[in-house]
Amino acid sequence: MNEKEVNHLSNQLKRVYSANKTSERPFNLFFTNLQEDGLINRTCCAKVDGFRSYIINFKENPVTELFDSKDLVYLSPDAENTLQNLDPKKVYVIGGLVDDSVKSQVSLNLCQSLNLQCYKLPIDEFMERGETGTYKQILTINQIFEILLKFYETADWKQALAAGVPPRTGFIIKQ
Ligand SMILES: C[S@@+](CC[C@H](N)C(=O)[O-])C[C@H]1O[C@@H](n2cnc3c(N)ncnc32)[C@H](O)[C@@H]1O
């Protein structure tokens, strides 16, 4: 990850924390694979006020060492399966990737190599193409997180996707 991407990542992690903090039904949030002396942690500490005082779980270990792999649900825009619901017993994983330089199927490949369950958001089920847009379903970390939070609060994918999928994608809720 280059410096610009790490800056974007730190900004997205800040948004994730702040959305969780103000949510009516917050998640038990983990930032994993975050080495104390690594570039990502150092950048977040430099750019994000109070980063290491966030009331979340900071872990140096990868998620696969922290949880049983049968409980892990990895999210990927390239997954074949579509997420229908959120199970409070499962651990949902968003990849710490920013697509400034587009690398396709990174999450999916990782998932397959680790033999983890992999799901995409139900954008095709609940949204359709409006008049113009990028029609890209690859969203940022904080957008995915905010959609999951809204769904966790409302149990309504239409409401969650309408709030979190950016208008520039051109997707609109199906009537
Ligand atoms: C900017 S995306 C990274 C895209 C990257 N090309 C990849 O291979 O996943 C950051 C993370 O958000 C999640 N994500 C983005 N769009 C998604 C979608 N439509 N459905 C499920 N997860 C998504 C994935 O966990 C992904 O690792």
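Q: With which side chain does the side chain of glutamate 65 make a polar contact?
A: A word first: this is a predicted model. For a polar contact, look for N or O atoms within 3.5 Å of each other. Here the partner is the side chain of asparagine 61, at 3.3 Å.

Q: Where is glutamate 65 found, and is glutamate 65 buried or exposed?
A: Glutamate 65 sits in helix H3, which covers residues 63-66. For exposure, check the relative accessible area: exposed means over 50%. Glutamate 65 has 56%, so it counts as exposed.

Q: Now the strands. With which strands does E3 pair in the parallel sense?
A: Look for bridges, then for the sense of the pairing. E3, residues 72-75, pairs with strand E5 (residues 91-93) over three bridges, in the parallel sense. E3 also pairs in the parallel sense with strand E6 (residues 117-120), again over three bridges. Valine 73 stands opposite tyrosine 92 in E5. Tyrosine 74 stands opposite cysteine 118 in E6.

Q: Are the residues on the faces of strand E3 buried or exposed?
A: Read a strand one side at a time. On one side, Leu72 and Tyr74 are buried. On the other, Val73 and Leu75 are buried too. Both faces of E3 are covered.

Q: How many residues has the largest nonpolar core?
A: It has 20 residues. Leu83, Leu121, Ile147, Leu148, Trp157 and Leu161 have the most contacts inside it. At least two residues each come from E3, helix H6 (141-154), helix H7 (157-164) and strand E8 (171-173). H6 gives the largest share, five residues. Apart from this core lies another, of 18 residues, among them Ala19, Leu29, Phe58 and Leu149.

Q: What is tryptophan 157 in contact with, leaving aside neighbours within four places in sequence?
A: Tryptophan 157 is in contact with Leu83, Gln84, Asn85, Leu121, Pro122, Phe126, Ile147, Leu148 and Phe151.

Terms used
Residues numbered from 1 in each chain as written. Predicted model: local features only at pLDDT ≥ 70, side-chain atom pairs only at ≥ 80, totals over all residues. Heavy atoms only, no water. Buried < 20%, exposed > 50% of the residue type's maximum accessible area, 1.4 Å probe, protein only. Helix = DSSP H or I, 4+ residues; strand = E, 2+ residues; numbered from the N terminus. Pairing = 2+ DSSP bridges. Core = buried A, V, L, I, M, F, W, Y, C linked by side-chain atoms within 4.5 Å. Contact = heavy atoms within 4.5 Å. Polar contact = N/O pair within 3.5 Å; in protein donor to acceptor, adjacent residues only side chain to side chain.
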